[in-house]
Amino acid sequence: MNKLRLSLAIVALFLSAFCISHYWFQFVLIQGSSMAPTYHPWQLAVIHKQSYCLETGNVIAFKCDSLNAVLIKRIVACPGDTIQIKNDILYVNGDATQESSIYYSIDYAGIAQEPITLSSDEYFVLGDNLEYSIDSRHAEIGCIKRGDILGIVSPLIP
């Protein structure tokens with residue numbers, strides 16, 4: 001009888017952990033320096049998966065099938081926005097953004113060299129450390145679909 005209770009308790013614990021991780025939040029270990037100085041390598045963070053409103057400035061985690069990875073980047077443009085990178089400056093809807101002055105110079109424009117208008121379910125993301133970030137500027141990442149977004153990321157310990 002005790003073995004049955006222990007087995008049921010273990011199964012319940014694993015099912016609870018799975019449900020919490022799948023539906024509410026998940027811990028993630030930051031790898032690489034593409035989000036420095038906001039996040040550093042080996043920093044523990046949390047992906048909040050519950051319902052959320054995505055907006056410019058949010059740091060998100062998303063599935064990237066082409067790299068077979070989960071990436072963490074910052075939203076710089078939302079559905080309906082038109083973006084372009086020219087003369088090392090990010091323009092959203094024709095206006096130069098603060099990202100150009102806060103972070104590093106945007107030496108590589110990639111696919112954003114020409115204007116891109118985001119569809120109703122697309123987001124454009126950049127890493128905070130632009131020199132080392134593979135992000136929406138790169139063809140293998142491109143614009144991020146809403147369905148690929150896992151949630152909003154925040155540091156476990158601020």
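Reader: Is Thr38 buried, exposed or partly exposed?
Author: Buried means under 20% relative accessible area, exposed over 50%, and partly exposed in between, with a 1.4 Å probe and protein chains only. Thr38 has a relative accessible area of 35%, so Thr38 is partly exposed.

Reader: What kind of model is this, and how are residues numbered?
Author: Residues are numbered from 1 along each chain as its sequence is written, and side-chain values use heavy atoms, with hydrogens and water left out. Local features need pLDDT of at least 70, side-chain atom pairs count only at pLDDT 80 or more, totals for chains, interfaces and linings use all residues, and the model is predicted.

Reader: How many helices and strands does the protein chain have?
Author: Both are DSSP runs, numbered from the N terminus: helices are H or I with at least four residues, strands are E with at least two. Along the sequence the pattern reads α-β-β-β-β-β-β-β-α-β-β-β-β. The protein chain has two helices and eleven strands.

Reader: In which loop does Thr38 lie, and which residues is Thr38 in contact with?
Author: Thr38 lies in the loop between E1 and E2. Contact means heavy atoms within 4.5 Å. Leaving aside neighbours within four places in sequence, Thr38 is in contact with Gln43, Arg74 and Asp128.

Reader: What are the lengths of the polar contacts from the side chain of Thr38 to the side chains of Arg74 and Asp128?
Author: A polar contact is a pair of N or O atoms within 3.5 Å. Within protein, one must be able to donate a hydrogen and the other to accept it, and residues adjacent in sequence count only if both atoms are side-chain atoms. The contact with Arg74 is 3.3 Å, and the one with Asp128 is 2.4 Å.

Reader: Is Gln43 buried or exposed?
Author: Gln43 is found in the loop between E1 and E2. A polar atom of the Gln43 side chain lies 3.0 Å from the backbone nitrogen of His40. Among the contacts of Gln43 beyond four places in sequence are Val28, Pro155 and Ile157. With a relative accessible area of 10%, Gln43 is buried.

Reader: Which peptide bond is cis?
Author: Most peptide bonds are trans. Pro37 lies in the loop between E1 and E2. Omega is near 10° in the cis bond, which runs from Ala36 to Pro37.

Reader: In what order do the seven strands of the open sheet run?
Author: Strands pair if DSSP finds at least two bridges between them. The pairing in this sheet is antiparallel, and the order is E1-E2-E11-E3-E4-E9-E10. Each edge strand pairs on one side only: E1 (25-29) and E10 (144-145).

Reader: What is the bridge partner of Val46 in E11?
Author: Strand E2 (residues 44-48) and strand E11 (residues 149-155) run antiparallel, joined by four bridges. The partner of Val46 is Ser154.

Reader: Which strands stand at the edges of the four-strand sheet, and why is one side of each left without a neighbour?
Author: The order in this open, antiparallel sheet is E7-E6-E5-E8. One side of each edge strand has no neighbour in the sheet because each has a single partner strand; the two are E7 (95-96) and E8 (116-117).

Reader: Which ring does the charged end of Lys86 sit over?
Author: E5 (residues 82-86) and E6 (residues 89-92) pair over four bridges. Lys86 stands opposite Ile89 in E6. A charge sits over a ring if NZ of Lys or CZ of Arg is within 6 Å of the ring centre and within 35 degrees of the ring normal. The charged end of Lys86 is 5.2 Å from the centre of the ring of Tyr91.

Reader: What is the phi of Asn87 near?
Author: Most residues other than glycine have a negative phi. Asn87 is in the loop between E5 and E6. Its relative accessible area is 68%, so Asn87 is exposed. Phi of Asn87 is positive, near 55°.
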